[in-house]
Amino acid sequence: MRPLFLATLLISAAAIAYEILLMRMLSIVQWHHFAYMIISLALLGYGASGTFIAIGRRWLEPRFEVFFSLSALLFSVTMVACFVLGQRVPFNALEIVWNPRQFLYLAATYLVFFVPFFFAACCIGLAFTCRRSRISRIYFFDLLGAGLGAMMIVGVLFLLSPQDTLIMLSVVALLASASMGLTSNARKPLLAVQLVCLVALLFGLPKSWLEMRISEYKGLNQAMQVVGSNVLTVSSSPLGLLTVVESPRIPFRYAPGLSFNTGFEPPEQLAIFTDGDSMSVITRFDGNLDALGYMGDVTAALPYALLDAPHVLILGAGGGADVLLALYNGAGKIDAVELNPQITNLVTGTFAGFAGHLYDDERVTLHTQEARGFVARSKNRYDLIQVALLDSFAASGSGVQALNESYLYTVEAIQEYLRHTAAGGMLAVTRWLKLPPRDNLKLVATVLKALRETGVADPGRRLAMIRSWNTSTLLVKQGEFSLDDIAVIKEFARSHSFDTAFYPAMPAHAANRFNLLDQPYLYDGITALLGENADDFVARYKFHITPATDDKPYFFHFFKWSALPEVMALRKRGGASLIEWSYLILIATIAQAAVAGVILILLPLSRVKRSWPAGAGTRMGGYFFLLGLAFLFVEMAFIQKFILFLSHPLYAIAVVLSGFLMFAGFGSAYSGRLARRVEQTGRSPVSIAVAGISAIALLYMALLPMLFQQLMGLADGIKMALSVFLIAPLAFCMGMPFPIGLNRVADRLPDFIPWAWGINGFASVMGASLATLLAIEFGFTVVVLFALGLYAAAAVIMRHQLAQGRL
């Protein structure tokens, strides 16, 4: 049995690592929200494998070792082959709102990437079906391997490129194939094929095959179309693929919100693209601040006109543009916070001379940390906290961020910033201007809620906003704006031909004077949000501008079902940008997952001969279906919760999956002992496990926000270890219901095992995307509570089956 346990561990480790790697690679090639599609794909493979095994069980069981080894071999090969093929599907997410053919391409992408997971799942499903007496041990090594794979992949991505990591995982799957092949009666032909595949993987693949084809609509691809543009450096880590580009012939001119009145030109700049988009720049600087004259002519310079030599905190320092802005405008001291150490290394190392050794300035202190964590831990109170404009205008305007969690712009985040703002100091947030306004008004709504919750009776006295032709800058003062402040704001706007969008007691005729719009959208919107009928305005507004919170951190989610018919009618008349297409892709993914699950799992299973009593299959099918949904709902909700604590989606996915799977494995190993003890007393072991799940989950929902607040400033390694420690007891309990049910089925209804595997997989396919949709609409707390209800229903089914003596 040792080769089986080793092979199971290796396959599970490779499968979960491949799942996370695909999320990373598709974030580069397309966008971040495809992560949820990949989770759904992986689970579809597991469900479909159960169907395949159920159909061919009698033929597969005598040849178990051969087919396990062959499935592992095909998993290894298709990992690479399907990535190569998947990139050649002409799917363009930006066309999906007006080109129905893109839904077919999305389905093709979905099915291509499904194939490797199908072969990986066949290995595990065959082990469950053909070695029923060892189900708990197999399930333990399955989950342990998955947990180790999730933990391993983050470290590997710091050392290897995504393409080299893909090759490494294929080799791991080959090792699993070899482990089982040596125990089969076809070991010689299998070994020959395995060696050929190994040589091909290591030496025979052309580099061009694995080259990532970044969407032509991403900023990097567009920049490379410029004559003379050149890539200077490329670096990769789990935090992103950074590409530095120079364009000497047609230079970069990155100055968001620059006034048309300016008499200055930005110096030479190098562009930094993160995952092919989200451009920031490193600006040539030789220590002469006069060369940065344009830095006084942007909307983000407004707070410096109101403050004298302020102590500034910059959240999202990037390539240093906002640090230069602060230096030019007379900041006395600057704390610059940047999450990605790769970016800080570019500014302090590779291009330090180009950047004028910016971070060596005695006024500047660089902190390579997550923004919320730094603020929570800081003892300082700042005159100005500036939230940098980090996303690109194209990404902001196209709806690609609708599924992105952003904890920088939540009610709790605003409250944290203001707690660290000195009396008379300010919070400044600059955003891109989109029409009709979306994130500008949602930001104001979020700030207003944050202020009201802290007891500010008249929050409108603390707000001011100006806008250019493409940006807006919102100021939130720790105190009320004085008449002198308002005079400075008006003069700054007038002298730069910026429009005042709002200040206390602003008359309507003062809006929309320079950069003319059809109507004064921002003034009207902010005035409505401050009025008595604010809730009615939010409900009637065409976009979702309800304040973002840590429980619903989807700041860039603006989609409203009620507005869909109207915006779809406008999509071919320039209205495509009004549609948050990534939300539609989530809906399409759920629909495709349902259809694929029915076709590949449920319909074939319905043709399999059944030998169990009438009604038993329906009830146990319901049991495994509920477990599949519940497990994924809890897992997905806690992944989202831990993004805030661990600072990055990939860290959260890897650490939370690792913790859940490893300790669920330990729970699985313990489940047999629990079942034997509890059943002697006449109680249901599933009820005991569900009681533990419910108690721990509810406790965490109450305590985690406070814990995260206190511990967010710790080092990444410590936070990862704490995360696994926190997840362990919940995951331990969650690992019990499935193997308890599967062991019962193996004893009484052995033919039902592939059904259980397939039905659980189908539910999991739906659960991954449904959990995201529910979190966007209702918040993580509702998702967890719903999951606990599903667990309770499953416990009722099992208790009823035991009471009737059917299991």
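Helices here are DSSP runs of H or I with at least four residues, numbered from the N terminus. With that in hand, I opened my notebook on this predicted model.

**Entry 1: a helix to start with**

I looked up V84 and found it in helix α3, which covers residues 64-86. Is V84 buried or exposed? Its relative accessible area is 12%, so V84 is buried, given that buried means under 20%. Next I asked what V84 touches once residues up to four places away in sequence are set aside. The answer is W209 and L210. I also checked the spacing of V84 and W209: the two are 125 residues apart along the chain, and their C-alpha atoms are separated by 6.1 Å.

**Entry 2: stepping back to the whole protein**

I then turned to the overall picture. How many helices and strands does the protein have? I noted 28 helices and twelve strands. For 807 residues, a compact globule would have a radius of gyration near 28 Å, and the protein has 28 Å, so the two agree. Along the principal axes, the C-alpha atoms fill a box of roughly 85 × 60 × 50 Å.

I looked at burial next, and 64% of the 807 residues count as buried. The accessible surface comes to about 29700 Å². Carbon and sulfur atoms hold 60% of that surface.

My next note is on contacts. Taking those with a separation of 6 or more, I found that 78% are between residues 24 or more positions apart. I wrote down the charges too: there are 60 positive and 52 negative ones, and their mean positions are 15 Å apart.

**Entry 3: the domains**

Which domains is the protein divided into? I listed domain 1 at 1-214, domain 2 at 219-274 and domain 3 at 433-546.

**Entry 4: T274 and its strand**

T274 is a residue of domain 2, whose bounds are 219-274. I found T274 in strand β3, which covers residues 269-274. Which residues is T274 in contact with, leaving aside its neighbours within four places in sequence? I wrote down L239, G240, L241, L242 and I343.

**Entry 5: H311 in another strand**

H311 came next, and I found it in strand β5, residues 311-315. Its relative accessibility is 15%, so H311 counts as buried. I set aside the neighbours within four places in sequence and noted that H311 is in contact with K333, D335, N380, R381, Y382, D383 and L384. I also looked at S179, which is 132 residues from H311 along the chain. The C-alpha atoms of H311 and S179 are separated by 62 Å.

**Entry 6: backbone details**

I went looking for backbone details and stopped at P436. Where does P436 lie? It is in the loop between β9 (421-432) and α16 (439-453). The peptide bond from L435 to P436 is cis, with omega near -10°.

I moved on to the loop between β12 (499-502) and α18 (521-530), which holds A505. Phi of A505 is near 65°, a positive value in a residue other than glycine. N512 is in the loop between β12 and α18 as well. N512 has a positive phi of about 60°, and it is not a glycine.

Are A505 and N512 buried or exposed? A505 has 71% relative accessibility, so it counts as exposed. N512 has a relative accessible area of 17%, so N512 is buried.

**Entry 7: one last residue**

I finished with F543. I found it in the loop between α19 (534-540) and α20 (564-569). The relative accessibility of F543 is 6%, so it counts as buried. How far from P437 is F543? They are 106 residues apart along the chain, and their C-alpha atoms are separated by 8.6 Å.

Conventions: Residues are numbered from 1 along each chain as its sequence is written. This is a predicted model: local features need pLDDT of at least 70, side-chain atom pairs count only at pLDDT 80 or more; totals for chains, interfaces and linings use all residues. Side-chain values use heavy atoms; hydrogens and water are left out. Helices (H or I, at least four residues) and strands (E, at least two) are DSSP runs, numbered from the N terminus. The radius of gyration is taken over C-alpha atoms; the globule rule is 2.2 Å times the number of residues to the power 0.38. Buried means under 20% relative accessible area, exposed over 50%, partly exposed in between (1.4 Å probe, protein chains only). Contact means heavy atoms within 4.5 Å. Accessible areas come from the Shrake-Rupley method with a 1.4 Å probe; for residues, only the protein chains shown count as cover. Lys and Arg count as positive and Asp and Glu as negative; His and the chain ends are not counted. The place of a charge is taken as NZ of Lys, CZ of Arg, CG of Asp or CD of Glu. Domain bounds come from an automatic or database domain assignment.
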